[in-house]
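Please work through each task before reading its solution.

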Amino acid sequence: NSTIIEKRSFVPTETNNFWECNGCRMVPLEFRAKGSVVFSASEPMNDQIKKHLLECGGNKPLAIPHNATIEPFYGEQVPPIKVTWNSNPDSP
């Protein structure tokens with residue numbers, strides 16, 4: 001019984017021509033750093049890989065998903081920051 005260990009930064013997905021970061025591919029997409037999935041007929045270019053790896057947290061998800069909106073919330077003495085996101089990926 002042998003185990004294959006993938007050493008490439010980006011690996012092919014089950015969908016043709018899509019590659020994803022080997023370090024964070026187990027993290028839900030909305031909690032990954034941007035650029036974790038790349039469309040490419042061949043292995044992604046080094047500049048695409050490097051750009052993502054500068055922000056990639058590996059298997060540690062982002063505290064706030066990258067699609068969250070951040071806005072000031074007024075109504076208190078000091079305006080706190082209101083952060084919201086949709087946890088249902090099928091909703092707009």
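Buried residues, those under 20% relative accessible area (exposed means over 50%, partly exposed in between; 1.4 Å probe, protein chains only), make up 20% of the 92 residues in the protein. The model is predicted, so local features need pLDDT of at least 70 and side-chain atom pairs count only at pLDDT 80 or more, while totals for chains, interfaces and linings use all residues. Residues are numbered from 1 along each chain as its sequence is written, and side-chain values use heavy atoms, with hydrogens and water left out.

**Exercise 1.** Determine which secondary structure elements the protein has and in what order they run.

*Solution.* Helices (H or I, at least four residues) and strands (E, at least two) are taken as DSSP runs, numbered from the N terminus. The protein has 1 helix and 5 strands. Read from the N terminus, the order is β-β-β-α-β-β.

**Exercise 2.** Describe the open sheet and identify its edge strands.

*Solution.* Two strands pair if DSSP finds at least two bridges between them. The open sheet consists of 3 strands in the order E1-E2-E3, with antiparallel pairing. At its edges are strand E1 (10-12) and strand E3 (37-39), each of which pairs on one side only. E1 pairs with strand E2 (residues 18-21) over 3 bridges in the antiparallel sense. Within this pairing, valine 11 stands opposite glutamate 20 in E2.

**Exercise 3.** Find the salt bridges of the structure and state which parts of the chain they link.

*Solution.* A salt bridge requires a side-chain nitrogen of Lys or Arg within 4 Å of a carboxyl oxygen of Asp or Glu. The whole structure contains 2 salt bridges.

- Arginine 8 pairs with glutamate 43, and their closest N and O atoms are 3.8 Å apart. Arginine 8 lies in the segment before E1 and glutamate 43 in the loop between E3 and helix H1 (46-53), 35 residues apart. Arginine 8 is partly exposed at 32% relative accessible area, and glutamate 43 is partly exposed at 37%.
- Glutamate 20 pairs with arginine 32, with 3.3 Å between the closest N and O atoms. Glutamate 20 belongs to strand E2 and arginine 32 to the loop between E2 and E3, 12 residues apart. Both glutamate 20 and arginine 32 are buried.

**Exercise 4.** How many disulfides are there?

*Solution.* A disulfide is a pair of cysteine sulfur atoms within 2.5 Å. The count comes to 0 disulfides. For cysteine 21, the nearest cysteine sulfur is that of cysteine 24, 3.8 Å away. For cysteine 56, the nearest is that of cysteine 21, 3.8 Å away. Cysteine 21 is buried, at 2% relative accessible area.
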